[in-house]
Amino acid sequence: MTPLMKTYVLKLYVAGNTPNSVRALRTLKNILEEEFKGVYALKVIDVLKNPQLAEEDKILATPTLSKVLPPPVRKIIGDLSDREKVLIGLDLLYEELSERDEDF
């Protein structure tokens, strides 16, 4: 029996098609394809078109990545160019280190 894989639900809040927004989306997609292997759902929300969604989720700056599931909710602000910071924010780097420790 294979172990159940976590499914990550993420929201990326951007403000239009700015360079930071484009960079954040491109970087995030690279990370997701390499690290999540298809077990994620990503919703990109343009706060200029949907300001009410940003207000509901208390988004104060863009780009902001919000991890909704699995708990706890985490938010990462910025263009996501620091891969290690993103992985730590998504609880992926910690799990990766824990799995390596179990191998020894």
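**Reading the model**

Analyst: L60 sits in the loop that joins helix 2 (51–56) to strand 3 (64–69); helices (H or I, at least four residues) and strands (E, at least two) are DSSP runs, numbered from the N terminus. This is a predicted model, where local features need pLDDT of at least 70, side-chain atom pairs count only at pLDDT 80 or more, and totals for chains, interfaces and linings use all residues. Residues are numbered from 1 along each chain as its sequence is written, and side-chain values use heavy atoms, leaving out hydrogens and water.

User: Why is L60 called exposed?
Analyst: Exposed means over 50% relative accessible area, buried under 20%, and partly exposed in between (1.4 Å probe, protein chains only). L60 has 85% relative accessibility, so the residue counts as exposed.

User: Which residues of helix 1 are buried, and what makes them line one face?
Analyst: They are S21, A24, T27, L28, I31, L32 and F36. Viewed down the axis of helix 1, the buried residues fall within an arc of 140 degrees, so they line one face; the arc is that of the directions from the helix axis to the C-beta atoms. P19 and R26, on the other side of helix 1, are exposed.
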